[in-house]
Amino acid sequence: MKRFLLSVLSVAAMASANADEGMWTLCNLDSAVYRQMVAEGFELSYDDLYKGDSALKNACVNFGGFCSGVVVSPDGLVFTNHHCGFGAINKHSTVEHDYMLNGFFAKEYADELPNEDLFVSFMKDQQDITSRVMPLVDGKGFVETSSVLDSITTLLTDSVKAIDSTLHVEVDAFYEGNKYFATTYQDFTDVRLVFCVPKSMGKFGGETDNWMWPRQTCDFSVFRVYADPKTNGPAAYSENNVPYRPKRWAKVSLQGYKEGDYAMTVGYPGSTSRYLSSYGIVQRRDIINKPCVNVRDVKLAIMRKYMNASEQARIQYENKFASCANYWKNSIGMNKCIDSIGLISQKQDYEARIKEWIKNNNVNDSRYLVDFDTLSCLYDRISEPSLAYNYFFECFWRTSEFFTRAKALTGKMDVKGPSDKPSKQYVEFEDNSDKWNLALDKEMTAAMLKLYAEKVSPRFLPSFYKVINDKFGGDYDKYVDYLYKKSGLLDKGRKFYIFSKSFSKNPANEVGLGLTEIISMFNDEMTPIEEKIAKHEQKLCAARIQMEQDLPHYSDANFTMRLSYGQVGGYMLGGKPSGYYTTASSIVEKMNKANENAEYFAEPIMHELLSATDFGKYQDKTTGEMQLCFLTNNDITGGNSGSPMFDGKGRLIGLAFDGNWDSLASDILFDSHLARCIGVDIRYVLYMIDKWGHADRLIREIAPE
């Protein structure tokens, strides 16, 4: 039977066995996977990879809870992507000192810039605790399961803190809830900006080149971790803190790579859905991705208009625009890939094989008995409220400052005033008027109100839409003028006395309550269905693993540390070989087209630096070229940005920063023939640090080999 299965499984069905696919946990790396890594050129022992203070994984970090990074010096220097440091760089930028536009280099330790709310996290340990968790969560819903996991997390954190107070534990579900792992972390919260290139290089090509190949983007930024001077451990920001002294840092290599060489990433991929049913993929395409594209089309156009008209607005919204645009383009590309490769039909064929396996093997274990008809019906039932929910989320969450504050009014805000006099108690918002543009905010609020009403069933409209229609004749602009003027919500220093009659009638409070009521409606309607879907998807995952029990399987990404491995190499692009690296001459060629596309603009100094005839130690010894970006077939997704790219000796050769257009369905199905990881060559990084930044102290500290 096992031989029969291996013979009939298609490429898609055997995805988990493909040597170049997989986001593997390191704590229990399958021996077959490790042997394949060695066969492809990995030269370190498993202990050198994972165990002990000197293990390579100790140089790899979670950067800020949204990206990855790597420690590259004995003094806590961290490399990540420019777009991962985007928010921090943006917060330090002003019209007078625009580090985003012009770049930044701290010439001395004292010049390195602290960043509130930014952290770097090191994974210390990871253990499978499924046997302890499953009896406590089996058969429970989302809320009960969450409560149980919170309790277990607290107990485990208390136990590790008894040993080291700087540690904490997180418990995560793996394999669609069929397994649970406990991961111990140490977070450093004093993280300072050290170096970044101008936006012209760090974001070269902008949205034109995003998710595209060839690429020339110099997508990196440099930070430093600071520690308590007495313990070398985590500490809140202090001028007395000193650079962190790690026990392991990555050796930066000038040796380069060639096609077919071993390549490996270690990072924190955010979320994939490789085990998702065909019904779930339809939902992803039509119910999640399409609303994202439709709403963000409008958001991006509004932000772009104001950013083009004002330098202040550009600085205010640059980070929001980049984040919004990234997943907008991702959703467009993913939907095209889903259709072009026939992904839904591939999944349906694979599900038919699972049905046959259940039937032919008389499977009666309830863990593997997938009821596909019921699963289909559940997805049908949830489609309407789910579509409305996704439009709701896209239109009202992180959209305008007005919506953010209106929701906060009905949430948990710090109440000020005498506790014994309710009439004197109030809430107020911190002055952040330098972070938003009033005219943009009003236009965005009106546009989102209008778009949401056009896209969803009337039953999902908040109660304040009745005011819009009855009092303002459906004129969203007039309603928004009324909101901003009458509510005073964006007025500097305004106090809102929460127990007063005027507060209950404040239109901002009415908007906040209306949004909250619809959220409750979504929760009540969708949660019971989502819980049932999750149980069936859990069984589908378990059935696949049981059916393919002779093959190693990795869990979907969940922002825990993962390893992926493969080779350096290109693919067929438009019927021709893509090439596997780009050169300095190729970026100069694009720079010279800046009059046709402003996203290819670069300062004269960049033209000069990249037009050099001799790049010295930074040019490739084999090709003689200055290589900028390169391709591997490593398996990555969002969150992997900034992941170190290692060669077979564990030396740093690049930083992962993007995927190609054909990789955009990889969150659901990885295609090793088409999907590629795009990395910035570490020699390109060092060249810019050296020749543009003249940052000799950093080059000496990194000591590239």
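Predicted model: local features only at pLDDT ≥ 70, side-chain atom pairs only at ≥ 80, totals over all residues.
**Notes on helix packing in the model**

1. Which residues of helix 16 are buried? Within the stretch 464-472 they are Phe464, Tyr465, Ile468 and Phe472. They sit on the same side of helix 16, because the arc they cover around the axis is only 120 degrees. Turn to the face that points away from this buried side and you find the exposed residues Lys466, Asp470 and Lys471.

2. Have a look at the backbone where helix 16 ends. Gly473, just after the helix, has a positive phi of about 60 degrees.

3. Now for the pairing of helix 16 with helix 17. Their axes are 10 Å apart and the packing angle is about 110 degrees. Angles of 65 to 115 degrees count as roughly perpendicular, so that is how helix 16 stands to helix 17. As for handedness, the two helices make a right-handed crossing.

4. Who makes that contact? From helix 16 come Phe464, Tyr465, Val467, Ile468 and Phe472, while helix 17 supplies Tyr476, Lys478, Tyr479 and Tyr482. By class, the contact of helix 16 with helix 17 has 8 nonpolar residues, no polar ones and 1 charged.

5. Helix 4 (residues 82-92) and helix 11 (residues 311-340) make another pair to check. Here the angle is about 170 degrees, with 9 Å between the axes. Anything over 145 degrees counts as roughly antiparallel, and helix 4 and helix 11 therefore fall in that class.

6. On the helix 4 side of this pair, Phe86, Gly87 and Asn90 meet Ile315, Glu318, Asn319 and Ala322 of helix 11. The contact between helix 4 and helix 11 splits into 3 nonpolar, 3 polar and 1 charged residue.

7. Last, helix 20 (residues 584-591). How many of its 8 residues are buried? The count is 6, so helix 20 is mostly covered. The buried ones are Ala584, Ser586, Ile587, Val588, Lys590 and Met591. Their cover includes helix 8 (199-202), helix 9 (206-209), helix 21 (604-610) and helix 22 (682-692), along with strand 18 (581-583) and strand 19 (627-632).

Conventions: Residues numbered from 1 in each chain as written. Heavy atoms only, no water. Buried < 20%, exposed > 50% of the residue type's maximum accessible area, 1.4 Å probe, protein only. Helix = DSSP H or I, 4+ residues; strand = E, 2+ residues; numbered from the N terminus. Arc of directions from axis to C-beta. Axes fitted to C-alpha atoms, helices over the stretch in contact; angles between N-to-C directions. Parallel < 35°, antiparallel > 145°, perpendicular 65-115°, else oblique. Left-handed = near helix turned anticlockwise from the far one by under 90°. Contact = heavy atoms within 4.5 Å. Nonpolar A, V, L, I, M, F, W, Y, C, P; charged D, E, K, R; others polar.
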